[in-house]
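Subject: Structure handover

Hello,

Please find the structure below. My notes on what was found in it follow.

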Amino acid sequence: MQFHHHGYVSGEPRVQPAAGSGLDRPADLPDELDVLIVGSGPAGMLLAAQMSQYPDVVTRIIERRDGRLVLGQADGIQPRSVETFQAFGFAERIVAEAYNIAYMNFWGPDPEKPGNIIRTARTEDYALKISEFPHLIVNQARVLDYFAEAAAFGPGRITPDYGIEFAGLTVHEEGEFPVEVSMRYTAGDRAGEERTVRAKYVVGCDGARSGVREAIGRVHVGDISQHAWGVMDVLVNTDFPDWRTKCAIASAAGNILHIPREGGYLSRMYIDLGEVAADDDHRVRQTPIDEIIRRANAILHPYTLDVKEVAWHSVYEVGHRVTDGFDDAPAGTDRDPRVFLTGDACHTHSAKAGQGMNVSMQDGFNLGWKLGSVLTGRSPGTLLSTYSAERMPVAQQLIDFDKEWSQLMARKPSELTDPQEVATYYLATAEFPSGFMTEYGASMIVADAAHQHLATGFPIGKRFKSSEVVRVSDGNAVHLGHHAKADGRWRIYAFADAPGAGVASALADWAAWLASPESPLARHTPTDADADAVFDVKVIYQQAHDQVDVSVVPEVFMPKSGPHGLTDWEKVFAAAPSAWTSTDIFDERGLSREGVVVVVRPDLYVAAVLPLASTTELADFFAKNMVTAR
């Protein structure tokens, strides 16, 4: 963590200095604002935390509840989400309180006593095999708390406006604030009062029954399967030996997905309630908790559950739906979108794959920096069209995966061709639920793959997969990707050719160009801003850290920032192994020893891979998605 660069800090360093709309933030909603977020779920709160990094953008978030969420339904946190938490500054703290999934065990009928279940497989969880981050279980309410803290601590000082519900909107063709939004107060002295505000952009993060979706005429496309599940968070005494291990349990009486929760005692159980009749008309949703517990005991036989407390329970029918568009832009027109949908407002599915909260947060992360870039004048309005273009295919892939997984989870043991079928599928598809299979196609913010061979471990369009390097200034081994914060900046990583610092090389020539008036830094960084306000440029030399002389490192890699013009010493790294790491990032990520430039978007996806000599290509890439700075 870096601080003090704007002056000495003696308090909580996560609290950034207030600026712009964060100064003297009015208690009441303004009549006109830049961004209105509707709903404080995972997508909405992440979006608020991101927009707080753009204090010159007036952003407010409304929520019909009268306060914070107390008990959230979602709880699974995939490794990609923990990467995202790292960018927002709270990964270590949430990992400390969460349940870490180390194994997933599988149970099936005992061949000798089919009425009983036995353990059939014990598998290591996939997370730490494909990421440095774990697979977690933690209450959604706590995730929202952390994002709320990030939003309140950011320069924009964004906090939810509770007790206000969305009532409708109209998008006008003209005007600086073209979206007219009606709302009403639901709590406090103003309960029942109606209000109208105008916004430049509105984001519907208001769930599966989204009023924003209805207001812009978008519809869910899909259906509900004829299968129901009961779910409960419980405190129990039990003789089931794997109570604190994630399990998939299949018996003649049905199926259970068992997930231990944070805190050491609480667990969540998804209990198979079986097929639902075509004329049921959702009556299955009235299944009492006593019946859900009875079914759980029948499935677990010969083991028993003595339920002491039910913290929460529900019944749901598996639905798979994707909205026919993630924004309000009419098909066949070139009008930039003004209203966006995220999370359950645009895709719904079963809970058992642990994707709802995770994919919703990535919706918000994808959209947030784009809104910030457009509203601060860094990028043209056309950038906003890439949100729907990128996230709709991801949602469809999620639906396709979830259908297969939920159908497999619901099958009876007698219907499986192999007792290990569920375990095999779980491990074979690990990268998708982890969040690592998302791959954005070529666009104004994703270059083509012409130079992909120079960095095979950083696939263009996929998330930047971190690796350890050594910080030259102090010799500490650090993860390169962990220094990328959710601050709206682009990352440019320059991996040096063989010669070291201070000698003629392709890197030295590239650095000289980057410091010239022709470079993206000069073209797109405001003249009154810090040199690294828009682009965070880092260099990684091939040598060991003690062989890199920082006194001859090009100045573009050691910029001065803040009111005191302090040198940033934490942008120069070494790849060669040291006493603290055995990793060489060039080998680990398939990087050319001739040098390569890797460009990473503000939402941590690889946008371009280029040779050091391709300066014109780099300038042209940014010219497509950014405007010349004022």
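The structure holds 2 cavities of 30 Å³ or more. A cavity here is a set of points, on a 1 Å grid over the protein atoms alone, where a 1.4 Å probe fits but cannot get out, and its lining residues have an atom within 4 Å of a point. Grid points are joined across faces, edges and corners, and a volume is the space filled by probe spheres set on the points.

This is a predicted model, in which local features need pLDDT of at least 70 and side-chain atom pairs count only at pLDDT 80 or more, while totals for chains, interfaces and linings use all residues. Residues are numbered from 1 along each chain as its sequence is written, and side-chain values use heavy atoms, with hydrogens and water left out.

The largest cavity has a volume of about 160 Å³. It is lined by 17 residues, and Q355, V359, F432, G435 and T438 lie nearest its centre. Two or more lining residues come from each of helix 2 (79-88), helix 8 (356-375), helix 9 (385-410) and helix 11 (431-434). Helices (H or I, at least four residues) and strands (E, at least two) are DSSP runs, numbered from the N terminus. By class, this lining has 7 nonpolar, 8 polar and 2 charged residues; Ala, Val, Leu, Ile, Met, Phe, Trp, Tyr, Cys and Pro count as nonpolar, Asp, Glu, Lys and Arg as charged, and the others, Gly among them, as polar.

The second largest cavity has a volume of about 130 Å³. Of the 14 residues that line it, E83, F464, G481, H482 and L604 are the closest to its centre. Helix 2 gives the most to this lining, with 4 residues. The classes here are 7 nonpolar, 4 polar and 3 charged.

Strand 22

All 7 of the 7 residues of strand 22 (residues 535-541) are buried, so the strand is largely enclosed by the rest of the structure. Buried means under 20% relative accessible area, exposed over 50%, and partly exposed in between (1.4 Å probe, protein chains only). Both faces are covered, with F535, V537, V539 and Y541 on one side and D536, K538 and I540 on the other.

Strand 22 runs parallel to strand 21 (residues 490-495), joined by 6 bridges, and R491 stands opposite D536. Two strands pair if DSSP finds at least two bridges between them. Strand 22 also pairs with strand 25 (residues 572-574) in the parallel sense, over 3 bridges; there, A574 is the bridge partner of Y541.

Regards

Technical notes
On a 1 Å grid over the protein atoms alone, a cavity is a set of points where a 1.4 Å probe fits but cannot get out, and a pocket is an open set with protein on both sides within 12 Å along at least five of seven lines; lining residues have an atom within 4 Å of a point.
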